[in-house]
Amino acid sequence: MTVCEYRPGLEGVPATQSSISYVDGQAGILEYRGIRIEDLAQHSTFLETAYLLIWGGLPSKVELEAFEHEIRYHRRLKYRIRDMMKCFPESGHPMDALQACAAALGLFYSRRALDNPVYIQKAVVRLLAKIPTMVAAFQLMRKGNDPVQPRDDLGYAANFLYMLNEREPDPLAARIFDICLTLHAEHTINASTFSAMVTASTLTDPYAVVASAVGTLAGPLHGGANEEVIDMLQQIGSVENVRPFVDRCIAEKSKIMGFGHRVYKVKDPRATILQGLAEQLFEKFGQDEYYEIALEMEQAVSEKLGHKGIYPNVDFYSGLVYRKLGIPTDLFTPVFAIARVAGWLAHWKEQLGENRIFRPTQIYTGPRQQGYVGIEDRPQIWDKQFAAPSV
Ligand code: CMC
């Protein structure tokens, strides 16, 4: 078979066959293993959803209890990982800290046995259990505090908020955070999942798989957009400034953060649910100063760019929810990673089931048959400032 057409960003090119999730971008439908995201948000929990994604079906009561128990048991971090984190600069981005810590797990659990179901199960449990502890620990350590130990009597979402804010969360806040994790758990072959699959296809260890995906999620065109949305709302500052801002972005052809999606051409169903969750939080804990601006943004962008299928994506309202939960802005993307680990692991496991190393081709555009040029005769390529020795 010869495939010659080059599609930038691999748009529309199937990279795998998968039974994990399904998106209908025209109808605004997202399903995990065939179950609508709205149903999971209403009835499931993040850990039950993670089980569904990774093992392919909803767990029985006994299975779910065992899975939850295993995860509680593995939440703590080795003191060497905590010591390593203490050496990170406080000014460093938490996504970089998370990527380093996820990769470091490979040093502690180095035996690689990808054909052993117990190894797979333990790696899944460790990653799901430890990633939230890493995110919370880095947050406290960069403030100069000791990390808070996980609490076995708290559920997954409540325990994370407890470790982060050093106090037990309100039950509504914990439930809403758990739903946010469910909403972010999986989304077909997005950039970070593709990165995870490529890494997995080399048969490396799962910690390297997750570390590579964390690095990919961090970019502002992917998971990093949720942070940028809050910066953008802050910069706009008032409802009156929204339309001039949108007009300027359109004139300058700059991207409006939290809008647009490669697949969705209508409002992302997760954005609709997140907006509802934000409103529940505002009702109980007070309005967010940026919400009116966000509503006006949605209205203005939909009017002006709706014909191109540009509507709010998952990152538009999630930041407003996280702010009410006491999560600092630069932890929004790490929180996205906590959830997406479930999807990455599901794709890792699926990839191992029918693995072939990813090795696409390219269309070469450079010169050929060039002779070797002596050093005295070469044209200058680097800018002078790079060519000068650094002092
Ligand atoms: N603001 C203004 N115009 C946009 C936007 C936007 N956010 N997104 C797409 N467009 C326009 C774009 O200018 C182009 O117009 P034209 O055809 O006239 O040149 C058209 O829509 C197609 O855009 P594209 O960049 O080719 O679309 P893509 O599928 O390559 O990119 C995207 C998808 C999500 C990277 C892009 O919409 C974007 O940069 N959005 C802002 C960043 C963002 O919110 N990212 C989060 C994505 S969802 C969650 C996640 O993946 O983590």
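Guide: In α9, residues S192, T193, A196, M197 and A200 meet R340, W344, H347, W348, Q351 and L352 of α16. Contact here means heavy atoms within 4.5 Å, and helices (H or I, at least four residues) and strands (E, at least two) are DSSP runs numbered from the N terminus. By class, this contact of α9 with α16 has 6 nonpolar, 4 polar and 1 charged residues. Ala, Val, Leu, Ile, Met, Phe, Trp, Tyr, Cys and Pro count as nonpolar, Asp, Glu, Lys and Arg as charged, and the others, Gly among them, as polar.

The model is predicted: local features need pLDDT of at least 70 and side-chain atom pairs pLDDT 80 or more, while totals for chains, interfaces and linings use all residues. Residues are numbered from 1 along each chain as its sequence is written, and side-chain values use heavy atoms, with hydrogens and water left out.

The two helices pack at an angle of about 35°, and their axes are 9 Å apart. Axes are lines fitted to C-alpha atoms, for helices over the stretch in contact, with angles from 0 to 180 degrees between N-to-C directions. The crossing of α9 past α16 is right-handed, that is, the near helix is turned clockwise from the far one by less than a right angle.

Both helices also line open space. α9 and α16 each supply at least two residues to the lining of the second largest pocket, and α16 gives the most, with 3 residues. A pocket is an open set of points on a 1 Å grid over the protein atoms alone, where a 1.4 Å probe fits, with protein on both sides within 12 Å along at least five of seven lines; a cavity is a set from which the probe cannot get out, and lining residues have an atom within 4 Å of a point. The second largest pocket holds about 1,200 Å³, a volume being the space filled by probe spheres set on grid points joined across faces, edges and corners. Of its 28 lining residues, V13, P14, A15, F358 and P360 lie nearest the centre.

The largest pocket has a volume of about 1,700 Å³. Its lining takes at least two residues from each of β1 (21–24), α9 (191–200), α12 (242–252), α14 (291–305), α15 (314–324) and α16 (332–353). Among its 48 lining residues, L221, G260, H261, R262 and V263 lie nearest the centre. This pocket lies between domain 1 (21–219 + 330–353) and domain 2 (225–323), because both give residues to its lining; the bounds come from an automatic or database domain assignment. Taken over C-alpha atoms, the domain centres are 26 Å apart, and 29 residues of domain 1 are in contact with 25 of domain 2.
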